[in-house]
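Hello,

Here is the structure for your files. My notes on it follow below.

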Amino acid sequence: MNNKYLDQIIHDLKNPLSSILGLSDLLDKKCSATDQTSKEIIRRIHHHAIFSLKLVNDLLDLEFLNRKNFSIEKQPTDIEELAEKTINNHLLLAADRNIAIAKRIHKNFRLYLDSLRMEQILNNLLNNAIKYSPPGSKVVLHTDDYNGFFYFKITDNGPGLKKEDQIRIFEPFTKINHSSEEQCEGSGLGLSIVKKLVELMHGELFVESEENHGATFIIKLKMEAVE
Ligand SMILES: Nc1ncnc2c1ncn2[C@@H]1O[C@H](COP(=O)(O)OP(=O)(O)OP(=O)(O)O)[C@@H](O)[C@H]1O
Ligand SMILES: [Mg+2]
């Protein structure tokens, strides 16, 4: 099918999915707390609508990032604030999976960055680190600088990645089957969005990992410190 039609279909799915989400919330409020079966059905409808809406938004975002006129908007960004915001976005998920989030971040340090897009990058990487880690383990967000480059690193103690999977994971819709893990939900678009964004920032994205020994995702950017 023509890409133009496909883009239109993806776009047109947004409104009905948002309606399903809103209606399921309304239904949940109307439903008696004692009607557990209906509550569970509504919970599942809500869950599937959220998953589908995320997929649609990610597809639209990927398409948007690939447009020629897309540009990165840099502004002075406090690194610790950015890190805190990303961590706060994940406190519930981390608590739910009994994962501790630690940080080692530059203090009182500002860089010229597209803070919204950088937050999106860190959100994706932190979400993965928590999602693929075993309960009870620790995820670390840290920053580093040397030789004129600035680094964001996200380390986990999850299942890690085989050498041959370490390139594949950045292709859209790639999901690796981690044998020891329960199947984690996701559509396999997060890392392709991260890769595209890091490219647009003229940075580099690496993964250092060994199977069964966790993974560290690293973003390397030319350091543009705010004086
Ligand atoms: N920290 C990690 N440890 C082990 N495997 C990972 C890690 N991060 C990503 N992966 C593997 O790479 C695949 C692609 O990741 P990606 O973030 O693109 O998709 P996803 O998490 O499955 O879905 P979503 O689109 O919701 O992000 C994952 O399905 C997972 O198998
Ligand atoms: Mg992901």
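Helices (H or I, at least four residues) and strands (E, at least two) are DSSP runs, numbered from the N terminus, and two strands pair if DSSP finds at least two bridges between them. This is a predicted model: local features need pLDDT of at least 70, side-chain atom pairs count only at pLDDT 80 or more, and totals for chains, interfaces and linings use all residues. Residues are numbered from 1 along each chain as its sequence is written, while chains are lettered from A and ligands numbered from 1 in the order in which they are written.

Strands: S6 (residues 204–209) runs antiparallel to S7, with six bridges. Glutamate 208 has threonine 216 of S7 as its bridge partner. Five residues separate the two strands in this hairpin, and asparagine 212 has a positive phi near 70°. S7 (residues 215–222) also pairs with S5 (residues 149–156), antiparallel over eight bridges; there phenylalanine 152 is opposite isoleucine 219 of S7.

Ligand 1: there are 21 residues around it (C-beta atom, placed from the backbone, within 6 Å), and Asn128, Ile176, Gly186, Gly190 and Leu191 come nearest. Helix H5 (115–131) and helix H7 (190–200) are the elements that give two or more residues to this shell.

Domains: the assignment (automatic or from a database) gives domain 1 (3–65) and domain 2 (75–222). Seven residues of domain 1 and nine residues of domain 2 take part in the contact (C-beta atoms, placed from the backbone, within 7 Å). The C-alpha centres of the two domains are 26 Å apart.

Regards

Notes. Two residues are in contact if their C-beta atoms, placed from the backbone, lie within 7 Å.
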